[in-house]
Amino acid sequence: MKKTIFLLSYAVAACLIFSVASHRENQELKYLLQGQYTGKMADASTQLNELQQAVQQSLLFSDPTAFHDSLQNVWRLSSDIRYSIADLPLDREFTTEWMNYLGRLGNSARMTMTSQESAEQWQKNVSQISNNLTNFSSDWQIATAHYLNGDTNYKNWLEEQTSNSDTSGFKNLSKSVKTYTESDFPLTASEADHEKKKELKELNDKKITKDEAISRFYEMFPELENATLSVKQSKKGAPYPFYHIAFHKGERTGYADITQKGGHLLSYLIERPFEKNSLSVEKLKNLADERLKELGYKDVKETDARENSEVWHFTYARVEEKTKAKVYADGVQVKIAKDTGEIVGLNGVEYIQKEKLKPQMMKKMNWDEFFTNKATVVNEDLAYVENKDFVERLCYELTVRVNSSKVPHTYKVLVDTETGEVIKNEKLS
């Protein structure tokens, strides 16, 4: 009996010691996190003050070098603040809005450094930007005051900032920053069109029902006709409404997402075992081309290919009918199984978001004069790509080899057919 009592007492004592030690470790971890977050928040506050000063200083100079240096500071500090707040447990809506504002501010400063037209626009906008940053700084100090003053109620603070409560100081800040973004950096027409395109807002096709979506699924994938299906509609607030069709048949499980407007295939993915044998790359490419045509992608051209141990990933771009130019923004990505040539993955979102292309002049170019004598154009094609303003431009797509060293290098250069501007310059090898 004494032995039993001794063991029980020992067990209780051990549990108490363990509990105290665990509580101490949790407290130490809490203080460590609180210290880290306090440091990052203090850094963000300091950088915000410096950013205010840099923006205000950009109003002072007409000297190009001094003006350039002040803009360089704006660009650097906006990036530094983004880094400081990225890991802070703040209200998610505020973090998104503030990161977006800082990104647009930094990009505007960077573009201004290389364009006289942008410099004039900066001088027009910078007073309003400076006022908004001053107001934001005051609100930021109020929102962070308790925490930076060493508020020991860390748990309550953390719960407040990560909740959806409207009482959060950062919740209110997100509304302010959104207003600042709209006033300081209003979307251009091209940027607004880009946002609409990204969210499929220009889809005007007739809505289909759930049963019509299932019929569309069987039409595209007849091999899954006897599969067990589960169909759900996208959640409220999704960028575009679609039907999510999950399926199971034998060793195959997967899903297909089909838009409610028009019944377009957004994405398709299937999981199944893979055999070790592999068909040739040419055979797989032919099978992928045939399958895409069956799915309705009859106007696409392969632009890229890469592999892993089980599948090949092929990327296609839509070919514009009149110019025969590739439209990279209207792409389709395909995963095809090496063992059988079955399509096991497809993403057609970009293809659905077809670009509205405007007619464009095609200036005849003399590449011998455009490039140095060390560069040789080995291939020329046509392609549509976005410029910095999100506008699709028809370009000469050139593969250029440069023999300026012992090892030659190859570049893909895209030159606007009308203006001669280099839209993109990418090193291939």
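This is a predicted model: local features need pLDDT of at least 70, side-chain atom pairs count only at pLDDT 80 or more; totals for chains, interfaces and linings use all residues.
Colleague: OK, what does Lys326 pair with?
Modeller: Its side chain meets that of Glu397 in a salt bridge, 2.8 Å from N to O. The pair ties together distant parts of the chain, with Lys326 in strand 7 and Glu397 in strand 10, 71 residues apart.

Colleague: Is Lys326 buried or exposed?
Modeller: Lys326 counts as buried, at 7% relative accessibility. Glu397 is buried too, at 7%.

Colleague: Which residues are in the network there?
Modeller: Salt bridges with shared partners join Lys301, Lys326, Asp381, Glu397 and Lys412 into one network.

Colleague: Switching to helix 2, how far apart are Asp80 and Arg76 along the helix?
Modeller: Four residues, so about one helical turn separates them. They form a salt bridge, with the closest N and O atoms 3.5 Å apart. Asp80 is partly exposed at 28%, and Arg76 is partly exposed at 39%.

Colleague: And what about Glu219 in helix 8?
Modeller: Glu219 sits three residues from Arg216 in that helix, and the two form a salt bridge at 3.3 Å. Glu219 is exposed, at 59%, while Arg216 is partly exposed, at 25%.

Colleague: New topic: where does Arg272 lie?
Modeller: Arg272 is in the loop between strand 4 and helix 9. Arg272 is buried, with a relative accessible area of 10%.

Colleague: What does its side chain make polar contacts with?
Modeller: The Arg272 side chain makes one with the side chain of Thr340 at 3.1 Å and one with the side chain of Glu342 at 2.7 Å.

Conventions. Residues are numbered from 1 along each chain as its sequence is written. Side-chain values use heavy atoms; hydrogens and water are left out. Helices (H or I, at least four residues) and strands (E, at least two) are DSSP runs, numbered from the N terminus. Buried means under 20% relative accessible area, exposed over 50%, partly exposed in between (1.4 Å probe, protein chains only). A polar contact is a pair of N or O atoms within 3.5 Å; within protein, one must be able to donate a hydrogen and the other to accept it, and residues adjacent in sequence count only if both atoms are side-chain atoms. A salt bridge is a side-chain nitrogen of Lys or Arg within 4 Å of a carboxyl oxygen of Asp or Glu.
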